[in-house]
Amino acid sequence: MSTLMSHFSPTITNMIRMDHTHVLSTFHKYKADADPGTKQALVNTVSLALEIHAQLEEEIFYPALRAATTNEAVLAKSVPEHNEMRSLIGQLRDMQPTATHYDSTFMSLMRHVIHHVADEETVLLPEAELLLADQLRELGAQMTRRRLALAAPKAGDIAANMVRAMPTSTMLVTAGGLVAGGYLLKRALERRT
C-alpha cells in the first residue's frame with residue numbers, strides 16, 4: 001500500500017462520517033413538491049452514495065473492526081440494515097417519481113438511514129477509533145482506492161444527477177460565472193498580444 005496515500009488519506013472513520021453528511025445533506029434538498037426530474041436525481045444521488053458506502057463498509061470497515069473486537073453485537077445489525085436499505089432503494093428504482101408512494105418510500109429509506117447513521121456514529125465509529133487507532137489512515141486509503149474503483153463506472157450518472165438536482169438559480173449563477181470568467185480570460189489574453 002502506498003504510504004504517501006495513507007499519509008494524506010482521511011481516516012476511515014472520518015470518511016464514513018463524510019459519507020453520512022453527504023447523504024443527509026442531499027436528503028434535506030428533497031421536497032415532495034419538487035418536479036419529478038429533481039426528485040429522481042436526488043433519489044439517484046442518495047441511492048448510489050448509499051450503495052457504494054455500504055459496499056465499502058462491508059468489504060473494508062466491518063472486517064477490520066470484526067477482527068479487532070470481541071463485541072460481535074456491535075456489528076450484528078449493520079449488514080441487515082444495509083440489506084433493508086438496498087430493498088428500499090430497489091423499490092424506488094422500480095417506481096416513477098410521480099408514483100403515489102414514491103415520497104413515502106424515500107422518507108422510509110431516510111428514516112432507516114438516519115437510525116443507522118446514529119448507531120454508527122455513537123457506537124461503531126468511536127469503538128473503531130479505539131480499537132483500530134493505528135490502522136485508521138491505512139484503512140482510509142484502502143477505502144479511497146476502492147471508492148474510486150466503484151464510482152468510476154458511474155461517473156456519468158453521478159454528474160448527470162448532480163446537474164438535474166441543481167436548482168435553476170444555481171445553474172444560472174454558475175453559467176454566468178463561467179461566461180464572465182471566459183470573457184475576462186479572453187480580455188487578458190488579448191491584452192498580452
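**View A.** Helix 2, helix 3, helix 5 (78-93) and helix 6 (102-131) each supply at least two residues to the lining of the largest cavity. The model shown is predicted, with local features requiring pLDDT of at least 70 and side-chain atom pairs pLDDT 80 or more, whereas totals for chains, interfaces and linings use all residues. Residues are numbered from 1 along each chain as its sequence is written, and side-chain values use heavy atoms, without hydrogens or water. The largest cavity (grid points, 1 Å apart, where a 1.4 Å probe fits but cannot get out) has a volume, the space filled by probe spheres on those points, of about 70 Å³. Its lining (residues with an atom within 4 Å of a point) consists of Asp 19, His 20, Val 23, Leu 50, His 53, Ala 54, His 82, Met 85, Val 113, His 116 and Val 117.

**View B.** The lining of the second largest cavity divides into two nonpolar, three polar and one charged residues.

**View C.** Helix 2 (residues 12-27) packs against helix 7 (residues 136-151) at an angle of about 45°, with the two axes 7 Å apart. On the helix 2 side, the contact (heavy atoms within 4.5 Å) is made by Ile 12, Thr 13, Met 15, Ile 16 and Asp 19, while helix 7 contributes Leu 136, Leu 139, Gly 140, Met 143, Thr 144 and Arg 147. The residues of this contact between helix 2 and helix 7 comprise six nonpolar, three polar and two charged.

**View D.** Helix 3 (residues 36-68) and helix 8 (residues 155-165) pack with their axes 8 Å apart, at an angle of about 140°. Helix 3 is therefore oblique to helix 8. From helix 3, Gly 37, Thr 38, Gln 40, Ala 41, Leu 42, Asn 44, Thr 45 and Leu 48 meet Ile 158, Asn 161, Arg 164 and Ala 165 of helix 8. In this contact of helix 3 with helix 8, five residues are nonpolar, six are polar and one is charged.

Technical notes. Axes fitted to C-alpha atoms, helices over the stretch in contact; angles between N-to-C directions. Helix = DSSP H or I, 4+ residues; strand = E, 2+ residues; numbered from the N terminus. Parallel < 35°, antiparallel > 145°, perpendicular 65-115°, else oblique. Nonpolar A, V, L, I, M, F, W, Y, C, P; charged D, E, K, R; others polar. 1 Å grid on protein atoms, 1.4 Å probe; cavity = no way out; pocket = protein on both sides within 12 Å on 5 of 7 lines; lining within 4 Å.
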